[in-house]
Amino acid sequence: MTALPDVSPEPIVYLNGEVVPLSEARVPVLDRGFIFGDGIYEVAPLYAHAGGRTAFRFEQHLARLARSLAKVGIANPFDNAGWRALIERVVAANEAEAGLAAGQDAIAYIQVTRGVAKRGHAFPAGIQPTVFLMVTPLNLPDAALRAEGVRCVSAEDRRWLNCDIKSVSLLGNVLMAQYAAENDAFETIQFRDGMLTEGSSSNVWVVKDGVLSAPPRSQKILEGIRYGLIEELSAECGIRFEVREMNEAEVRAADEIILSSATKEVLPVTQLDSQPVGEGKPGAVFAALYDAYQRAKANEAQEAQQGAKNDPRERITV
Ligand code: PMP
């Protein structure tokens, strides 16, 4: 038996109806997630606060999960209330048995594959999806990293043209992350036919003359849950926001480049392909968005606690 990688403390996970330690969770090798990468995933932050944890922008994460599942014809195994209850159950198990401390931010990793069947490419009839949920501690980038910013490299985007689907078929993204790692960089910023798409696991934002720009929502990028959030935050901060295609030269001439994702929140890029971005320091737009992001977290936590107080059946927090 292959040894489990070091994931101590060992999380408690949900797999197909059971809540078990990770080392006891088993998937048959004929699972189509293993054989074909035929599955969908979702990653949502669970931010800790005095009253528990809030699944941040959870409705949007669940909507994206539902969209991705629908696009590949896998039935969604739960409705939103079902997913919420499941996450609460797994969080509680991790607090009780896996040392997940109160006050520790966490991440919910959800994966749904088409299920287990005799190997054959087309969808088999009558199989049950495999459903997996794992809750692990989330360690956000620290203040030093935010103050310094990160180095990125660039590469041609050679992935398929269904990047809007949050598929577990991530080999293209894995190769881009490895390219960054081999070049001592934090992330690879990709261009398709000379136009900016996204990172291997992040959306990319460009600032020029005070205007924040993002590539359009399309099948060429995954629409991060932070995409809509940053749109809102820029309005709140009075930052002009534009959606437009951007070529490589424009990205290289940016005053600021910013990455966003659930596990990074927002991070400033201070070097691209060994050249400084703008002045080579995190910029004012990044600073404003970071602060606004923290306020959004605090507001959501407060609303969730309020909601839970007003109606105890409404288990908004986890
Ligand atoms: N693009 C890709 C390819 C990603 O993997 C991610 C991270 N899930 C994102 C963008 C950002 O999405 P989110 O803000 O929902 O984390």
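A polar contact here is a pair of N or O atoms within 3.5 Å, where, inside the protein, one atom must be able to donate a hydrogen and the other to accept it. Keep that in mind for the first stop. One more thing before you click: this is a predicted model.

**Stop 1: Asp164 and Lys71**

Select Asp164 and Lys71 and show their side chains. They are joined by a polar contact of 2.6 Å. Asp164 sits in the loop between strand S7 (150-156) and helix H5 (171-182). Is Asp164 buried or exposed? It's buried, with a relative accessible area of 15%.

**Stop 2: helix H2**

Now select residues 58-72, which make up helix H2. You get 15 residues reaching 21 Å from the first C-alpha to the last, close to the 21 Å expected at 1.5 Å a residue. Color the buried ones: Phe58, His61, Leu62, Arg64, Leu65, Ser68, Leu69 and Val72. Why do they end up on the same side of H2? Because they cover an arc of only 160 degrees around the axis.

Step back to Arg57, in the loop between strand S4 (52-55) and H2. Check its backbone: phi is positive, about 50 degrees, although Arg57 is not a glycine. Most residues other than glycine have a negative phi. Arg57 also counts as buried, at 13% relative accessibility.

**Stop 3: the ligand**

Keep Arg64 on screen and bring up the ligand. There are 15 residues around the ligand, and Arg64, Lys166, Glu198, Arg226 and Ala262 come nearest.

- Glu198: a polar atom of its side chain lies 2.7 Å from a nitrogen atom of the ligand.
- Arg226: an N or O atom in its side chain is 2.6 Å from an oxygen atom of the ligand.
- Ala262: here you want the backbone, where an N or O atom lies 2.7 Å from a ligand oxygen.

How much of the ligand's accessible area does the protein cover? On its own the ligand has 390 Å², and the protein covers 93% of that. Helix H6 (225-237) and strand S13 (256-261) are the elements that give two or more residues to the shell. Color the shell by residue type and you'll find three nonpolar, eight polar and four charged residues.

**Stop 4: helix H6**

H6 has 13 residues, which should span 18 Å at 1.5 Å a residue; the end C-alpha atoms are 19 Å apart, which agrees. Arg226 is one of the buried residues of H6, and the others are Ile225, Tyr227, Leu229, Ile230, Leu233 and Ser234.

**Stop 5: Glu265**

Jump to Glu265, in strand S14 (residues 265-272).

**Stop 6: helix H3**

Next, select residues 80-97, which form helix H3. Its 18 residues reach 26 Å from first C-alpha to last, close to the 26 Å expected at 1.5 Å a residue. The buried residues in H3 are Gly82, Trp83, Arg84, Leu86, Ile87, Glu88, Val90, Val91, Ala93 and Asn94. H3 is followed by Gly99, whose phi is positive, near 70 degrees.

From Arg84, stretch a C-alpha to C-alpha line to Gly126: they are 42 residues apart in sequence and 26 Å apart in space. Gly126 belongs to the loop between strand S5 (106-113) and strand S6 (130-137). Gly126 is exposed, with a relative accessible area of 79%.

**Stop 7**

Select Asp38 in the loop between helix H1 (32-36) and strand S3 (39-49). Which side chain does Asp38 meet in a polar contact of 2.6 Å? That's Arg114. At 11% relative accessibility, Asp38 counts as buried.

Val13 is buried, with a relative accessible area of 0%. Draw one more C-alpha to C-alpha line, from Val13 to Asn76, and you'll span 63 residues in sequence and 19 Å in space.

Key:
Residues are numbered from 1 along each chain as its sequence is written. This is a predicted model: local features need pLDDT of at least 70, side-chain atom pairs count only at pLDDT 80 or more; totals for chains, interfaces and linings use all residues. Side-chain values use heavy atoms; hydrogens and water are left out. A residue is near a molecule or strand if one of its heavy atoms lies within 4 Å of it. Accessible areas come from the Shrake-Rupley method with a 1.4 Å probe; for residues, only the protein chains shown count as cover. Helices (H or I, at least four residues) and strands (E, at least two) are DSSP runs, numbered from the N terminus. Ala, Val, Leu, Ile, Met, Phe, Trp, Tyr, Cys and Pro count as nonpolar, Asp, Glu, Lys and Arg as charged, and the others, Gly among them, as polar. The expected span of a helix is 1.5 Å times one less than its number of residues. Buried means under 20% relative accessible area, exposed over 50%, partly exposed in between (1.4 Å probe, protein chains only). The arc is that of the directions from the helix axis to the C-beta atoms.
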